[in-house]
Amino acid sequence: MNTEVETQIELQDLEPSNNRFRAEILRGLRKMPKELPSKYLYDEKGSQWFDRITQLEEYYPTRTEARIMEADIQEMTDLIGTDALLVEYGSGSSVKTRILLDHLKDPAGYVPIDISRDYLMISAAQISKEYPDLEVLPLCADYTLSFDIPKPNKPAKKRVVYYPGSTIGNFDPIPAQHFLEEIATVCGPGGALMIGVDLKKMPVVLHNAYNDHEGVTAAFNLNLLERINRELKGDFQIENFKHYALYNPIKGRIEMHIISLMDQTVHIDGVSIPIANGESIWTESSYKYNLQEFAELAETAGFQVDHVWTDDRDWFSVQYLTVI
Ligand SMILES: C[S@@+](CC[C@H](N)C(=O)[O-])C[C@H]1O[C@@H](n2cnc3c(N)ncnc32)[C@H](O)[C@@H]1O
């Protein structure tokens, strides 16, 4: 991504504070089993690692989702219609968004929301430069908390939330329902959610996608410990930990862990945390759905499924949901 973008855009900044980050990390490390919120995988370095993941041969989701979008973009933008405010949750580098923006008719504006502040700024400025007629209103926030959507100058006929990348899979089923309910409120009457949902498939494909041979996913995962060292005065010795990811077919999810290679005690801002040899720190889940399961989840949350697009192998879906 070009980091020398001159376009000036205003960021609405609700980035979680350092105190909040510290409190959530310590709470997670005191749990049994230990777990850290996946949203903290994404600082600027984490977002850069994620972008490299999306290029990996084994990581089919980004490529497959982009192909679905390219194949069916006309139908998608016809459903969205004119003068819509496009609100993207977890926008990252907004790569697939460009497919939408290239075809959308007179969008009222674009609100990229992401927790990864510096990356969001670079990415939003780049979009603003590439689409000079589009009002870009970036918002740095933890989208699981409450916030107001920035208002564009041009009146919007409706709000369309775009939530690609199957990031919905990071939520356990009940929190996923509550989160979709919140999105339905943000969309409002007449609004819609366009969402990327990864589908159940052979475990070996899923396993390989999260265990790439170059070790990029491992570096992305372990960056969380480096981030804690950088921002919270932590002293994790990264070489004493190992990335571990597996597919759990009973739960229908990838589980990503960091495993301790020895009995050790780490310190975070003066707080001691003992970790046993072989103990896991759970950093991310990624639930996979079949179409029926996701339709039931969406309907419980107040959406109806209007349209589903998939690829030839039925590995990934892009879905257009409207508020009931
Ligand atoms: C799996 S990546 C997907 C990125 C991009 N949308 C794509 O499809 O390639 C998840 C994105 O959501 C952001 N994110 C994760 N949890 C978040 C949260 N709680 N609040 C805001 N952004 C979050 C991350 O920073 C990251 O950019």
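Q: A crossing is left-handed if the near helix is turned anticlockwise from the far one by less than a right angle, and right-handed if clockwise. Is the crossing of H1 and H8 left-handed or right-handed?
A: This is a predicted model, where local features need pLDDT of at least 70, side-chain atom pairs count only at pLDDT 80 or more, and totals for chains, interfaces and linings use all residues. Numbering starts from 1 along each chain as its sequence is written. Helices (H or I, at least four residues) and strands (E, at least two) are DSSP runs, numbered from the N terminus. H1 covers residues 18–30, and its crossing with H8 is left-handed.

Q: How far apart are the axes of H1 and H8?
A: Axes are lines fitted to C-alpha atoms, for helices over the stretch in contact, and angles run from 0 to 180 degrees between N-to-C directions. H1 and H8 pack at about 130 degrees, and the axis separation is 11 Å.

Q: Which residues in H8 do Asn18, Phe21, Arg22 and Ile25 of H1 meet?
A: Contact here needs C-beta atoms, placed from the backbone, within 7 Å. From the H1 side come Asn18, Phe21, Arg22 and Ile25, and facing them in H8 are Ile228, Glu231 and Leu232.

Q: Which strands are at the edges of the open sheet of four strands?
A: Pairing takes at least two DSSP bridges between two strands. Reading across the sheet gives S2-S12-S9-S8, with mixed pairing. Pairing on one side only is what marks the edge strands, S2 (34–35) and S8 (241–248).

Q: What angle does the direction of H8 make with that of S8?
A: H8 spans residues 216–232 and packs on this sheet. It touches S8, S9 (253–260) and S12, and its direction makes an angle with S8 of about 120 degrees.

Q: Which residue in S12 is the bridge partner of lysine 34?
A: S2 runs parallel to S12 (residues 280–287), with two bridges between them. Lysine 34 has as its bridge partner in S12 isoleucine 281.

Q: Which residue takes a positive phi in the hairpin of S10 and S11?
A: S10 (residues 264–268) and S11 (residues 271–275) are antiparallel and share five bridges. Glutamine 264 has isoleucine 275 as its bridge partner in S11. Two residues sit between the strands, and the one with a positive phi near 50 degrees is aspartate 269.

How values were computed. Two residues are in contact if their C-beta atoms, placed from the backbone, lie within 7 Å.
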